[in-house]
Amino acid sequence: MEFPKQWAQQMSKGEWIAACLRLNMMNGEYLDERVITENQIAKQFNVSRSPVRDAFKILSQDRLIQLERMGAEVLPFDREKQQEMTDIRLMIEAFAFTKVIQRKDLSDIIHNMYQALEMMKVSVKFKDPVSFTEHDIQFHELMVNACEHSYLTHLWMQMKPLMLSLVYIGMRRRMIEDIEDFKRIIINHQKFVEAVEQQNRHLMYEAFRLNFSDLNNDIGAFWSDQM
């Protein structure tokens, strides 16, 4: 799978190589390769070994490879890892929601979420999974940023490259196989905005359940007994 060119802007060579490898590793395209080497990847991308070494460090932090003396072992991105990612995402967004609804100035946040939602609709109309992914991540990031919690934002940004790849893989496949399903996705995202607008915890729980239940079977664990 080709990494979207527009996402490569402002990236160093090492970051770009890591992004390309990350996308394909998460898409299951390295299942038959247990070990990759710096020389192998340098030749593949027509670069020196230095940016490949940088890329390997990034992918090691992503827990997608394990660095070895003679190269790097590719770690499978399986269903368990995918659920672990959604665990972290749910923890971040659930906490962010509880902080955001305490704010008195919600109008700008709500306006921006509706704006991102409209761009998601446009992306579906033009069958553009790259644009849809960008605006989907932006939609959720608005709530994370709005809670004004520096460590939470830092954690989100660390996870963002992985989330971007995972969402893009899923949305690209869905646009090819089941474009009609985006009607459901848009409606579910509408519930996120309504939950913030109404400061309604029950509605937000329902939005999370509708959006993530296919990826995580324990969503209720992220909400208090007050739900």
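Reply: We will take a helix, a sheet, a helix crossing and a histidine in turn. This is a predicted model: local features need pLDDT of at least 70, side-chain atom pairs count only at pLDDT 80 or more, and totals for chains, interfaces and linings use all residues. Residues are numbered from 1 along each chain as its sequence is written, and side-chain values use heavy atoms, with hydrogens and water left out.

Me: What span should helix H8 have?

Reply: Helices (H or I, at least four residues) and strands (E, at least two) are DSSP runs, numbered from the N terminus. The expected span of a helix is 1.5 Å times one less than its number of residues. H8 covers residues 181–198, which is 18 residues, so it should span 26 Å. Its end C-alpha atoms are 26 Å apart, which agrees. Gln199 follows H8, and its phi is positive, near 50°.

Me: Which residues of H8 are buried?

Reply: Buried means under 20% relative accessible area, exposed over 50%, partly exposed in between (1.4 Å probe, protein chains only). In H8 the buried residues include Phe182, Ile185, Ile186, Phe192 and Val196. Contact means heavy atoms within 4.5 Å. The buried residues of H8 pack against helices H4, H5, H6, H7 and H9.

Me: What is the order of the strands in the sheet?

Reply: Two strands pair if DSSP finds at least two bridges between them. This open sheet has three strands in the order E1-E3-E2, paired antiparallel. E1 (35–36) and E2 (65–68) are the edge strands, each pairing on one side only. Two bridges join E1 to E3 (residues 71–74). Ile36 stands opposite Ala72 in E3.

Me: How do helices H1 and H7 cross?

Reply: Axes are lines fitted to C-alpha atoms, for helices over the stretch in contact, and angles run from 0 to 180 degrees between N-to-C directions. The axes of H1 (residues 13–26) and H7 come within 9 Å and cross at roughly 50°. Angles under 35 degrees count as roughly parallel, over 145 as roughly antiparallel, 65 to 115 as roughly perpendicular and the rest as oblique. H1 and H7 are therefore oblique to each other. Arg22, Leu23 and Met26 of H1 make the contact, with H7 residues including Leu162 and Tyr168.

Me: Why does His135 count as buried?

Reply: His135 is found in helix H6. Its relative accessibility is 14%, so His135 counts as buried. Leaving aside neighbours within four places in sequence, His135 is in contact with Ala116, Met119, Met120 and Ser123.
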